[in-house]
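Here is a quick tour for someone meeting this one for the first time. Have the sequence and the 3D view open as you read.

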There are 2 protein chains.
Amino acid sequence: MLERHRHHDVIVIGAGFAGLGATRDLLRAGASVQLLEARGRVGGRAFTRYLSDGTQLDLGGQWIGPTQELILELVEHYGVETYPTPRIGDPVVDMGGERLTSPPAEVDALLEDIDLLALQVTPERPWDAPEARAWDQQTFASWLVGTEYSETTIRYVARIVSGGLLAGAPSEASLLETLFYIASAGGIRPLLGYEGGAQQTRITGGAQIVAEHMASDLPPGVLRLNEPVTSVEYGSTDARVTTTTHAYTADRVIVALPPTLAARLRFDPALPPLNDGALQRTPAGSALKVHAIHSEPFWRDQGLSGVSTSATGVLTETVDNTPPGGPSAVLTGFVYGEEAVLLRARPLEERRRIVLERMADLFGDRARSPEDYVEFDWMGEQWTRGCFSGHMVPGTTVTFGPALRTPVEVVHWAGTETATRWNGYFDGALSSGRRAAAEVRASLDDQVSEE
Amino acid sequence: MLERHRHHDVIVIGAGFAGLGATRDLLRAGASVQLLEARGRVGGRAFTRYLSDGTQLDLGGQWIGPTQELILELVEHYGVETYPTPRIGDPVVDMGGERLTSPPAEVDALLEDIDLLALQVTPERPWDAPEARAWDQQTFASWLVGTEYSETTIRYVARIVSGGLLAGAPSEASLLETLFYIASAGGIRPLLGYEGGAQQTRITGGAQIVAEHMASDLPPGVLRLNEPVTSVEYGSTDARVTTTTHAYTADRVIVALPPTLAARLRFDPALPPLNDGALQRTPAGSALKVHAIHSEPFWRDQGLSGVSTSATGVLTETVDNTPPGGPSAVLTGFVYGEEAVLLRARPLEERRRIVLERMADLFGDRARSPEDYVEFDWMGEQWTRGCFSGHMVPGTTVTFGPALRTPVEVVHWAGTETATRWNGYFDGALSSGRRAAAEVRASLDDQVSEE
């Protein structure tokens with residue numbers, strides 16, 4: 001028999017930023033909450049490891065930036081130290097043959113065009129955009145091909161937008177979904193930028209630290225780790241949530257998981273068609289993040305910042321991920337879309353060789369011989385199944401889109417994929433948790449006034 | 001403690017046509033097999049109900065046709081009676097304003113264009129088609145819009161191909177995935193046709209009867225109903241499969257489920273990235289099938305066959321589903337894509353009103369007042385989650401496609417979504433089961449010769 005627990009006001013499933021944020025809000029409002037996490041740690045897609053010499057390595061999300069008010073508030077609240085993303089020297093912009101230190105004017109013009117379209121999309125209701133249906137029916141790739149820009153510019157922009165932002169190929173999201181994502185961050189410049197943008201700031205000790213602070217703040221017993229939820233039996237007044245080891249009951253449930261994991265819970269009764277359909281149509285991204293560990297940031301000696309973006313090659317982007325004071329230097333690369341799929345099909349040794357070869361193209365021969373090489377594939381992680389985040393597939397934002405955050409009886413939905421501000425980011429996760437907590441509080445208040 | 005069972009050569013998960021076929025093949029080859037089914041019945045997406053007066057109502061798949069050799073073989077083997085799909089009178093082709101009895105020449109020309117492209121796709125390897133990448137990067141909708149045909153022709157073809165065949169919107173599958181599907185059936189004519197095509201023949205007593213014959217043929221104990229599988233622990237030599245009530249072990253496992261259900265099993269270790277990514281990117285179709293029950297097939301009195309296809313309106317297709325001898329007459333409608341999503345958001349009474357109103361447009365006022373109205377939404381079914389079948393989303397056939405049937409250690413994949421012949425049909429399910437059984441037999445033979 002499964003051990004039973006006392007009845008709670010709310011059960012929150014998933015202790016990433018969305019679930020932790022929702023729990024925090026609900027506890028402050030006086031609700032009793034049980035927060036259930038499958039892993040032995042909190043933080044979800046924020047996951048920091050340390051090399052044997054103590055060097056911080058963020059294997060998942062790692063950046064915060066201006067206008068991400070909820071995460072910035074937490075960083076300040078907990079007195080977490082931050083540092084500016086190191087950019088000592090020039091970036092490399094490889095346009096395929098042509099090597100520059102900033103993107104050509106044509107790239108800016110195309111980004112500007114995209115930004116202007118994104119202004120027509122209200123992130124709360126992308127399906128109401130004037131040309132929503134037409135924009136949802138074509139892939140971002142098709143739209144790009146239809147522009148007047150050069151093939152190289154198109155390829156470069158496809159890679160940094162669909163890869164660098166949505167963690168996929170430009171054919172895997174519609175123009176509408178891409179514009180929605182951009183609109184949710186307030187434009188393409190805040191998304192792509194370092195100073196003044198989403199890559200401005202890093203967290204000393206790693207992004208996971210903020211989640212750990214949030215967890216430490218919880219009263220004893222609220223958070224239970226190592227408890228994968230297997231089923232959610234729900235009705236119009238309460239729910240029973242079963243994990244691999246325990247059973248819990250509550251008035252309300254918040255599912256704060258990536259959609260592909262939410263779909264894998266066994267709901268009883270089965271989720272309504274539109275809700276299940278929406279979860280099926282929001283696969284997780286397929287980015288690969290790889291780290292070359294060096295004794296020193298040798299690229300700086302050549303006047304290079306370690307930051308690169310490329311129209312070609314296996315690595316769409318690289319960045320100097322060296323923490324201040326090291327001890328080791330870290331050159332991190334990002335692989336997206338088709339390249340990520342092709343790379344995954346190779347054995348580790350070959351993947352390493354291919355990645356380091358490209359790093360050597362960009363930063364010279366020393367890049368070929370790091371002290372260590374670390375990769376981490378979120379798509380292989382049982383309790384994540386892809387990163388950075390999930391996006392609705394073409395043709396579905398206008399139809400199944402609203403169902404992604406429509407409550408089902410007492411079940412509510414959080415997670416950065418449901419966010420309308422900074423969708424896909426820590427900040428989006430937090431705002432989704434806040435929204436779900438507010439929904440739940442309103443429903444609990446209704447209940448009290450009815451009693 | 002879960003009850004344990006003796007070790008088997010093979011465990012097959014799912015007793016639809018794929019799983020039943022694989023089990024049959026393996027038993028004939030002398031293997032010991034345990035077939036596990038979540039439902040209290042076999043047949044998967046073949047599900048027949050009977051009205052109180054005995055009228056047969058196929059709520060899922062219902063047709064068989066020429067070149068579907070495996071299902072035809074079974075029908076003959078079991079002596080199952082069949083009947084030609086009733087088409088007594090003229091069809092209605094509603095081009096939106098213009099009402100015809102056969103599609104205009106422009107429709108034939110566009111279908112011919114599609115067919116010619118499909119000839120360039122080898123169903124076993126769609127990713128090797130000459131323009132595979134370009135075709136996968138655009139939705140079928142985008143390709144259609146780029147043709148020279150009239151808006152009405154495009155809308156009509158989009159609805160009968162993407163809706164009628166792939167059970168979705170033309171934006172939900174790429175041009176490549178659509179061509180692959182067509183190629184797997186040997187062309188668009190066999191797919192769309194009645195006489196000589198996939199809608200030629202119906203099964204007396206319902207399609208589920210064939211699956212029931214296959215189940216009756218199994219030695220006692222092979223099939224276990226009402227046992228939803230929850231987890232599959234696997235390695236390089238054997239596997240342990242746990243259901244809600246029992247645990248089983250075997251040398252090999254065949255997962256014969258739609259991809260969205262396969263993704264929901266808990267695999268230990270977690271599935272490799274490409275396999276899980278492929279399952280995430282193959283959502284189930286979203287067709288709605290609705291039945292109006294009348295005392296007689298009144299449309300025949302007006303010289304109408306009950307068969308209709310429309311460029312507009314909630315029903316893309318209707319068909320006379322009256323079994324020979326009745327007793328009741330059945331007019332069945334199909335709703336796809338955006339219309340299916342919009343309809344699902346309405347309450348039952350309104351859905352019924354909208355559907356019957358459209359039937360009255362097509363077949364006269366009597367259609368507005370049936371004796372009964374029956375709908376069945378496979379997307380709401382816990383153990384299916386959508387119909388007719390799943391299709392890879394745009395941009396993923398060339399990348400994640402091969403992983404859909406790549407074995408993982410001792411785990412093999414069946415189900416009509418993995419078929420290269422009549423993908424999406426009963427026959428495809430059977431051929432996928434045959435292929436998976438052959439893979440397993442080869443591996444078991446290897447094992448024997450190594451011992």
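The side chain of Glu37(A) reaches the backbone nitrogen of Arg39(A) at 2.9 Å. That is a polar contact, meaning a pair of N or O atoms within 3.5 Å; within protein, one must be able to donate a hydrogen and the other to accept it, and residues adjacent in sequence count only if both atoms are side-chain atoms. This is a predicted model, where local features need pLDDT of at least 70 and side-chain atom pairs count only at pLDDT 80 or more, while totals for chains, interfaces and linings use all residues. Residues are numbered from 1 along each chain as its sequence is written, chains are lettered from A and ligands numbered from 1 in the order in which they are written, and side-chain values use heavy atoms, leaving out hydrogens and water.

You'll find Glu37(A) in the loop between strand S3 (33-36) and strand S4 (48-50) of chain A. Helices (H or I, at least four residues) and strands (E, at least two) are DSSP runs, numbered from the N terminus. Is Glu37(A) buried or exposed? Its relative accessible area is 7%, so Glu37(A) is buried; the labels are buried for under 20%, exposed for over 50% and partly exposed in between (1.4 Å probe, protein chains only). Leaving aside residues up to four places away in sequence, Glu37(A) touches several others, including Gly14(A), Leu223(A) and Pro228(A), where contact means heavy atoms within 4.5 Å.

In UniProt, an unreviewed entry gives the annotation "binding site" to Glu37(A), Ala38(A), Val229(A) and Glu417(A). Such positions are given in the numbering used here, feature names are shortened, and annotations may be inferred rather than shown by experiment. Val229(A) sits in strand S12 (residues 229-234) of chain A. With a relative accessible area of 11%, Val229(A) is buried; among the residues that Val229(A) touches, not counting those up to four places away in sequence, are Ile13(A), Leu36(A) and Leu265(A).

UniProt also places "domain: Amine oxidase" (unreviewed entry) at residues 17-440 of chain A. That span is 32% helix and 20% strand, and its end C-alpha atoms lie 17 Å apart.

## Rings

Rings of Phe, Tyr and Trp (its six-membered ring) pair if their centres lie within 6.5 Å; planes under 30 degrees apart count as stacked, over 60 as edge-to-face and the rest as tilted. By this rule, there are 30 aromatic pairs over all chains. Why does Phe140(A) with Trp143(A) count as stacked? Their ring centres are 6.0 Å apart and their planes at 15°, so the pair is stacked. Both lie in helix H5 (residues 140-145) of chain A, 3 residues apart, about one turn of the helix, and both are buried.

Elsewhere, Trp63(A), Tyr194(A), Phe334(A), Tyr336(A) and Phe388(A) form one aromatic cluster. There's a charge over a ring too (NZ of Lys or CZ of Arg within 6 Å of the ring centre and within 35 degrees of the ring normal): Arg281(A) lies over the face of Phe400(A), at 4.4 Å from the ring centre.

## Sheets

Two strands pair if DSSP finds at least two bridges between them. In chain A, 3 strands make an open antiparallel sheet in the order S6-S10-S7. Strand S6 (63-64) and strand S7 (82-84) of chain A are its edges, each pairing on one side only.

In chain B, 7 strands form an open sheet with mixed pairing, in the order S9-S8-S17-S18-S19-S16-S20.
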